[in-house]
Amino acid sequence: MARIPESFIQDVLNRVDIVDVVEKYLPLKKAGQNYQACCPFHKEKSPSFTVSPSKQFYHCFGCGAHGSAIGFVMEYEGLNYPEAIRKLAEGLGMVVPVEEAGAAPAEKAAPGIFEVLKAAFDFYRAALKKSPEAIAYFRKRGVEGKTAARFGLGYAPGGDDWQALKVIYPDYDWNKLLTEAGLVIEKEDTKRRYDRFRDRVMFPIFNQRGAVIGFGGRVLGQGEPKYLNSPETPVFEKGRELYGLTQARAVIRERNRVLVTEGYMDVVMLHQHGVEYAVASLGTACTPEHVKKLLKLADEVVFGFDGDKAGRRAAWRALENAMPLVRDGKEVRFLFLPPEHDPDSYVQEFGREAFERLIDEEALPLSQYLLRELSLQVDLTAEEGRAKLWHIAHPYLDQLQEAPVLRLLVQKRLGELCQLSQADMSQLQAPRGGSVVSAQSHYDDGEQVRHYEDEYSSLQEAAGSFRGGGRKSGRAARSAAGAGAVRRSGDWRAQREQEEREAKGLVAPPPAQRAQLDPMLMLFQLVLCDPGAVAGLDPVESRWPQEGRLALLAELLTLARSQPQQPGSLLLEFWRERPEFSYLEQCLREGLQLYGRFPREDREQELRDTCLLLERLIIAPQRVRRRQELDVRRENGGLTELEKQEYLQLLQAAAGK
């Protein structure tokens, strides 16, 4: 896909003020040098959401939400990165440049597709007013006129006319956009075209910006398929979109709850009866992309399914997709309606209050639903059955990587079902060894992660002697003081943190060890906390091997030197669409917490000390290993000219020249 030029993104970041951006959505109050408000991403009575104009960064001390102006718009509006850039640029009166040479065909075609889809939308809405049969269908289903208008309901004519859309598209027979948009079907043998949707009531599907991207059609009377959706197009992916989200977004934010149903009419009738936080998946099972989007929108996600076998299969697929994504503080629940009802019929018969009471009283939390369904597969009265439950449940528990507290509680309940004591469960847990971070890549790009468990004690000793010989930094002192507290807090917390980092493709030691074992992590934190502190630092990165995290650190240092006036939150945007973004974002958050209150001179000293530590603990050993490799090659066949130059440089570095 086409990329927005980095220079334009930087221009937007330079012009935008995060306070102005957030104030368009929230009322902010001045609190010292910062601004405060109640967090829009979780329910709270007292404000814990802070916006810093100096750092161009927002952070919620309640739920942990944080980021730049771009990140805020992405989270609040549910937009992707390019869409957020465009929205900010539009607010500044800037036109986003289009890189035609790098644009994919789908990207170039998208504007034209939006136009033809909008024309079809208008055509279907007008056709509904002229169709007594379609009007009678909606009346029979209980749909009111204002509801039909709100959702843009329409009708696709049928009968003998197989090319009803030809009325609005004079170029119907050759316009490629009509097939790309999924509005018409072209026979391969004759190249003859006909409308995809015929004699169907139409449900338009909108994207997050309110543009029509596809349709769902329900046949009038008998016929197959009963429901027909637009195919995958350059602007429409069923696995990413949710029906009714445009209409429901504001209420979802207000209620902090989203209800996911299976059908278009479920959403329409729920909204008509006041349950306006309902959306639906588009004729497909709820995907991981759906779950990600839903968990961004609200803290409580309720999946509402029919009570039949198909509904239960869909619920289990939703659970499997939600497990790796749910976090502590988020709640995923599953509601099964009585067999004779779906959400549409239930809310019409019993009303909004009864339906919401059903959610509150009957919807099962994810943990209960998981253990209930797994328990039904075994005989809990027999030892073999309980052993099987323990065996089949653990792969699901292992998926709760982002919810360590929930995982612990579910495991405790699992032990009760299996009649295992805490000591029994501890004995069954396979021990896991710790690991120390290396200079190799730790991202999800396929590079191998190297562990140096055997270097743990030697690195500790080397770091201690280095710090002990000179000024003891505030960071080192705090880490040493806090080490005992971290150890006393429980080994599972340190283990949990290690597992979370491994799941993200980044292996890092526990906090109490970082000052001694991971100078690279400290440098990431320091530079992102205060990019301006790099100005007085020698360009040491020019001597480093350009591999793994060292290459990323060198890239960050170079960027900080070129733009020392920019806060770390804005520098971070250069990695927004790269695998390293989540790691750097965490480093920024930790850096602000650790070093944010330090005077500039202390941060600069810490930066110089940590660079020396990095040279001693990681760079120097790498040079020794590389020189040894070249020694072997020199004695067994000789070196190339480039290797000779490298060998000479290594010898000079060893001699201190």
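Before I start, one definition: two strands are said to pair if DSSP finds at least two bridges between them. Please also keep in mind that what we are looking at is a predicted model.

With that definition in hand, consider strand β4, residues 57-60, which pairs with β5 in the antiparallel sense over 2 bridges; at one of these places Y58 has G67 of β5 as its bridge partner. These two strands belong to an open sheet of 5 strands, whose order is β1-β2-β3-β4-β5 and whose pairing is antiparallel. Because β1 (29-31) and β5 (66-67) stand at the edges and have a single partner strand each, one side of each is left without a neighbour in the sheet.

In this part of the chain there is also an annotation from a record: UniProt, in an unreviewed entry, places a "zinc finger region: CHC2-type" at residues 39-63.

Let me move on to another sheet, which is open, has 6 strands in the order β12-β14-β13-β15-β16-β17, and shows mixed pairing. Here β12 (242-243) and β17 (364-365) are the edge strands, each with a single partner strand, so one side of each has no neighbour in the sheet. Within this sheet, β13 (residues 257-261) and β14 (residues 278-281) pair in the parallel sense over 3 bridges, and T261 stands opposite A280 in β14. Helix α12, residues 309-322, packs on the sheet by touching β15 (300-305) and β16 (331-336), and its direction makes about 175° with that of β16. Helix α14, residues 352-362, lies across β13, β15, β16 and β17, and runs at about 115° to β16.

Which residues touch the most other members of the largest nonpolar core? In this core of 107 residues, they are Y124, L183, F215, Y243, F303, F334 and F355. The largest share of the core, 9 residues, comes from helix α5, residues 105-129. If we leave aside residues up to four places away in sequence, F355 touches L259, L270, V275, L335, L337, P343, Y346 and V347. There is also a second, separate core of 37 residues, which includes V527, A533, W575 and F581.

F581 brings me to helix α26, residues 581-595, whose 15 residues reach 20 Å from the first C-alpha to the last, close to the 21 Å expected at 1.5 Å a residue. Since 11 of its 15 residues are buried, α26 is largely enclosed by the rest of the structure; among the buried ones are F581, Y583, L584 and Y595.

Definitions and conventions
Residues numbered from 1 in each chain as written. Predicted model: local features only at pLDDT ≥ 70, side-chain atom pairs only at ≥ 80, totals over all residues. Heavy atoms only, no water. Helix = DSSP H or I, 4+ residues; strand = E, 2+ residues; numbered from the N terminus. Contact = heavy atoms within 4.5 Å. Axes fitted to C-alpha atoms, helices over the stretch in contact; angles between N-to-C directions. Expected span 1.5 Å × (residues − 1). Buried < 20%, exposed > 50% of the residue type's maximum accessible area, 1.4 Å probe, protein only. UniProt positions renumbered as here; feature names shortened; annotations may be inferred. Core = buried A, V, L, I, M, F, W, Y, C linked by side-chain atoms within 4.5 Å.
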